[in-house]
Amino acid sequence: MSTNLSSKDAYSLMLKDYPDVMNIDQMCEILGVSTKTGYKLLKNGDVTFIKIGRNYRIPKAHIISYLRVGNEQPSI
């Protein structure tokens, strides 16, 4: 029996153990990047975030959007 999941459903399933709003360390853990690279992603606008005081908060939905955009195949 095979189940076809959309990419959004697949990412949601993979990220189910994470909170709906994450900090920079959690985001970097998910993406498998260093903290320095994580801050670059935020600074460049690749991942949308909310800044509360000195803290960055990244909604899970924005990380899923970033992952989906990164996996899109270029059209010819």
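Contact here means heavy atoms within 4.5 Å. This is a predicted model, in which local features need pLDDT of at least 70 and side-chain atom pairs count only at pLDDT 80 or more, while totals for chains, interfaces and linings use all residues. Residues are numbered from 1 along each chain as its sequence is written, and side-chain values use heavy atoms, with hydrogens and water left out.

**Exercise 1. Find K60 and list what it touches, leaving aside its neighbours within four places in sequence.**

Step 1: K60 sits in helix α4. Helices are DSSP runs (H or I, at least four residues), strands are too (E, at least two), and both are numbered from the N terminus.

Step 2: List the partners. With those neighbours set aside, K60 is in contact with L15, K16, Y18, P19, D20 and M22.

Step 3: Check the burial. Buried means under 20% relative accessible area, exposed means over 50%, and partly exposed is in between (1.4 Å probe, protein chains only). K60 has 11% relative accessibility, so it counts as buried.

**Exercise 2. Sketch the overall layout: how many helices and strands are there, and what pattern do they follow?**

Step 1: Walk along the sequence. The pattern reads α-β-α-α-β-β-α.

Step 2: Of its 76 residues, 24% are buried. Among contacts with a separation of 6 or more, 49% are between residues 24 or more positions apart.

**Exercise 3. Work out the strand order of the sheet and name some bridge partners.**

Step 1: Get the order. The sheet is open, has three strands in the order β1-β3-β2, and its pairing is antiparallel. Two strands pair if DSSP finds at least two bridges between them.

Step 2: Pick out the edges. β1 (21–22) and β2 (50–52) are the edge strands, each pairing on one side only.

Step 3: Go through the bridges. β1 and β3 are joined by two bridges, and M22 has I58 as its bridge partner in β3. Between β2 and β3 there are three bridges: among the partners in β3, R57 goes with I50 and Y56 goes with K51.

Step 4: Look at the turn. The hairpin of β2 and β3 has two residues between the strands, and G53 takes a positive phi near 65° there.

**Exercise 4. Which rings pair up with Y56, and with what geometry?**

Step 1: Set the rule. Rings of Phe, Tyr and Trp (its six-membered ring) pair if their centres lie within 6.5 Å; planes under 30 degrees apart count as stacked, over 60 as edge-to-face and the rest as tilted. This gives two aromatic pairs.

Step 2: Take Y39 and Y56. Their ring centres are 5.6 Å apart and the planes stand at 70°, so this pair is edge-to-face. The pair links distant parts of the chain, since Y39 belongs to helix α3 (residues 35–43) and Y56 to strand β3 (residues 55–59), 17 residues apart.

Step 3: Take F49 and Y56. This pair is also edge-to-face, with 5.0 Å centre to centre and 70° between the planes.

Step 4: Y39, F49 and Y56 make a cluster linked by ring pairs. Y39 is partly exposed at 37% relative accessible area, as are F49 at 30% and Y56 at 22%.
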